[in-house]
Amino acid sequence: PRLSKSGWISCATCHNPALAWGDGLARGIGHGMKTLGRRTPTILNGAFQEVFFWDGRAATLEEQALGPIQAEGEMALDLKSMVARLEGTPGYQEMFQRVFAAKPSPELVAKALATFERTIVSAEAPFDRWIAGDEAAISEAAKRGFDVFNGKGNCATCHSGWNFTDDSFYDIGVMSKDRGRAVHLALPAMEHAFKTPTLRQVDRRGPYLHNGSEPTLAAVIEFYDKGGVARRPSLSREIRPLRLTAQEKQDLLAFLGTLTGPDPEMKIPHLPR
């Protein structure tokens, strides 16, 4: 909480390990108990991401780490005050000297936070055991759902690779005035485009989409089945009515559940009071 102006918001306020490193809210809560414009993204598997935030405005975890601390609507603490607080805490002075042989600084705080975030990696899930050859690791419904995921559902086009994301940006047809990636990359296709999130631990991360507008995974499947809601020139060419059957939707939901493994083991050292 020292990293926030109010002294009560910490990184874990929004990135709670018990909530798959999110906050379980449709949109985050920031300084002054004000509701933010977007849902809190998980930090799970951040070590493997190429860009950060829903709109990709940070190129590294270090850059991302300092963003919410300074943001007026989030933690609202200027970096000079942040450093002064840490320097005024004997325990942190000792820790920074031991690890960095230096006093706390914005750069070292960012490095410490980012280094911790890189340890938050999803554990082996039932899907991984199945892919490795254990046919009993997932249900027959989930196996059918994997076929839907890669075929008629068109999910794997964007949710690709072991982390189930291509780290790219798309307008998927969410009804929202938020311009997303276009604020930072002025291209017509980037209007209302947001980053493809990982699907690891996805069944623990509701509500969904960048603005938390879909409460459940079943609702997300219905959203995609309709081909989104908003019709704009920037709508991705991959977004179109899918016409999935009720059984295919249930199978797809079963498959998504196989992407959740045990929570990453955390070994937290004693921290200064």
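Here are some notes on this predicted model, point by point.

1. Ground rules. Residues are numbered from 1 along each chain as its sequence is written. Because the model is predicted, local features need pLDDT of at least 70 and side-chain atom pairs count only at pLDDT 80 or more, while totals for chains, interfaces and linings use all residues; side-chain values use heavy atoms, with hydrogens and water left out.

2. The cavity. The count comes to one cavity of 30 Å³ or more, and the largest cavity has a volume of about 670 Å³. A cavity here is a set of points, on a 1 Å grid over the protein atoms alone, where a 1.4 Å probe fits but cannot get out. Grid points are joined across faces, edges and corners, and the volume is the space filled by probe spheres set on the points.

3. Its lining. The largest cavity is lined by 42 residues, and H159, I172, L209, V220 and Y224 lie nearest its centre; a lining residue has an atom within 4 Å of a point. Strand 2 (194-195), helix 8 (217-225) and helix 9 (246-257) are the elements that give two or more residues to this lining. Helix 8 supplies the largest share, four residues. Helices (H or I, at least four residues) and strands (E, at least two) are DSSP runs numbered from the N terminus. By class, the lining has 22 nonpolar, twelve polar and eight charged residues, where Ala, Val, Leu, Ile, Met, Phe, Trp, Tyr, Cys and Pro count as nonpolar, Asp, Glu, Lys and Arg as charged, and the others, Gly among them, as polar.

4. The structure holds 15 salt bridges, each a side-chain nitrogen of Lys or Arg within 4 Å of a carboxyl oxygen of Asp or Glu. One of them pairs D178 with R38, with the closest N and O atoms 2.8 Å apart. This pair links distant parts of the chain, 140 residues apart: D178 is in the loop between strand 1 (169-170) and strand 2, and R38 is in the loop between helix 1 (11-14) and helix 2 (61-70). Both D178 and R38 are buried, buried meaning under 20% relative accessible area, exposed over 50% and partly exposed in between (1.4 Å probe, protein chains only).

5. Two further pairs. E191 and R179 meet through their side chains in a salt bridge at 2.6 Å, N to O. Both residues sit in the loop between strand 1 and strand 2, twelve residues apart. E191 counts as partly exposed because its relative accessibility is 22%, and R179 counts as partly exposed because its value is 38%. Salt bridges that share partners also join R38, D55, R57 and D178 into one network. Within that group, D55 bridges to R57 with the closest N and O atoms 3.0 Å apart; D55 counts as buried because its relative accessibility is 4%, whereas R57, at 36%, counts as partly exposed.

6. Which residues does S176 contact, leaving aside its neighbours within four places in sequence? They are H192, H210, N211 and R232, contact meaning heavy atoms within 4.5 Å. S176 lies in the loop between strand 1 and strand 2, and its side chain reaches the backbone nitrogen of D178 at 3.1 Å.

7. K152. This residue lies in the loop between helix 7 (140-150) and strand 1. K152 is partly exposed, with a relative accessible area of 39%. Its side chain reaches the backbone oxygen of R243 at 2.9 Å. Not counting residues up to four places away in sequence, K152 touches D147, L242, R243, L244, T245 and E248. K152 and L244 are 92 residues apart in sequence and 7.6 Å apart in space, C-alpha to C-alpha.

8. T198. Look for T198 in the loop between strand 2 and helix 8. T198 counts as buried because its relative accessibility is 6%. The backbone oxygen of N163 lies 2.7 Å from a polar atom of the T198 side chain. Beyond four places in sequence, T198 touches T42, L44, N45, N163, F164, T165 and R205.

9. In helix 2, the buried residues are L61, Q64, A65, L66, P68 and I69, and their cover includes helix 3 (79-87) and helix 5 (106-117). Helix 7 buries A142, K143, G145, F146, V148 and F149, with helix 6 (126-131) and helix 9 included in what covers them.

Key:
1 Å grid on protein atoms, 1.4 Å probe; cavity = no way out; pocket = protein on both sides within 12 Å on 5 of 7 lines; lining within 4 Å. Polar contact = N/O pair within 3.5 Å; in protein donor to acceptor, adjacent residues only side chain to side chain.
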